[in-house]
Amino acid sequence: MFGNLITGITVLIPAGLMPALSEGLAVSSREIGLLIAWGGVVLCIGSPVMAWIASSVDRRWLLAGSLAAMAAGAAVSAISPSYEILLATRLATL
């Protein structure tokens with residue numbers, strides 16, 4: 001349940017930061033909204049695939065590894081100099 005909470009927060013965080021992200025990256029609010037939309041698409045497609053691939057991995061190690069990957073992705077996203085890098089980092093993280 002903790003992992004689902006963190007994943008949900010990670011997907012939706014750009015919604016609360018739209019004005020700051022839009023100004024800082026010099027893009028429109030529409031493009032910032034695409035960060036959420038593409039994140040949802042990646043989760044819908046990637047979640048079942050990753051569940052199938054990771055079915056033999058111990059759940060505790062899987063949760064710890066995925067949370068560590070999300071933390072690393074969030075750190076890289078925080079220092080992204082452009083929208084394209086931010087989008088690619090978020091998609092890879094999710």
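1. Let's start with Ala64, which at 42% relative accessibility counts as partly exposed. For this label, buried means under 20% relative accessible area, exposed means over 50%, and partly exposed is what lies in between, with a 1.4 Å probe and protein chains only. You'll find Ala64 in helix H4. Have a look at Gly3 as well: Ala64 and Gly3 sit 61 residues apart in sequence, yet 8.9 Å apart in space, C-alpha to C-alpha.

2. A word on what you're looking at. This is a predicted model, where local features need pLDDT of at least 70 and side-chain atom pairs count only at pLDDT 80 or more, while totals for chains, interfaces and linings use all residues. Residues are numbered from 1 along each chain as its sequence is written, and side-chain values use heavy atoms, with hydrogens and water left out.

3. Now the overall picture. The protein has 5 helices and 0 strands, so reading from the N terminus gives α-α-α-α-α. Helices here are DSSP runs of H or I with at least four residues, strands are runs of E with at least two, and the numbering starts at the N terminus. Along the principal axes, the C-alpha atoms fill a box of roughly 45 × 20 × 20 Å. Of the 94 residues, 23% are buried.

4. Which residues form the nonpolar patch on the surface? They are Phe2, Leu5, Ile9, Ile13 and Leu17, with about 470 Å² of accessible area together. That area comes from the Shrake-Rupley method with a 1.4 Å probe, and for residues only the protein chains shown count as cover. Patches take residues with over 30% relative accessible area and no salt bridge; nonpolar side chains (Val, Leu, Ile, Met, Phe, Trp, Tyr) are joined within 5 Å, and like charges within 9 Å. Leu17 belongs to the loop between helix H1 (2-16) and helix H2 (18-25), and its relative accessible area of 40% makes Leu17 partly exposed.

5. How many salt bridges does a search of the whole structure find? The search turns up 1. A salt bridge here is a side-chain nitrogen of Lys or Arg within 4 Å of a carboxyl oxygen of Asp or Glu. Asp58 pairs with Arg60, and their closest N and O atoms are 3.5 Å apart. Side chains of opposite charge can pair when their charged atoms come close. Asp58 is partly exposed at 34% relative accessible area, whereas Arg60 counts as exposed at 66%.

6. Next, a pair of helices. The axes of H3 (residues 29-53) and H5 (residues 83-93) come within 10 Å and cross at roughly 20 degrees. Axes are lines fitted to C-alpha atoms, for helices over the stretch in contact, with angles from 0 to 180 degrees between N-to-C directions. H3 and H5 are therefore roughly parallel to each other; that label is for angles under 35 degrees, while over 145 is roughly antiparallel, 65 to 115 roughly perpendicular and the rest oblique. H3 passes H5 in a right-handed crossing, meaning the near helix is turned clockwise from the far one by less than a right angle.

7. Most residues other than glycine have a negative phi. Ala26 is in the loop between H2 and H3 and, at 69% relative accessibility, counts as exposed.

8. Val57, in the loop between H3 and helix H4 (59-78), is partly exposed at 37%. From Val57 to Leu5 is 52 residues in sequence and 21 Å in space, C-alpha to C-alpha. Ser66, in helix H4, is partly exposed at 32%. Ser66 and Ser82 are 16 residues apart in sequence and 25 Å apart in space, again C-alpha to C-alpha.
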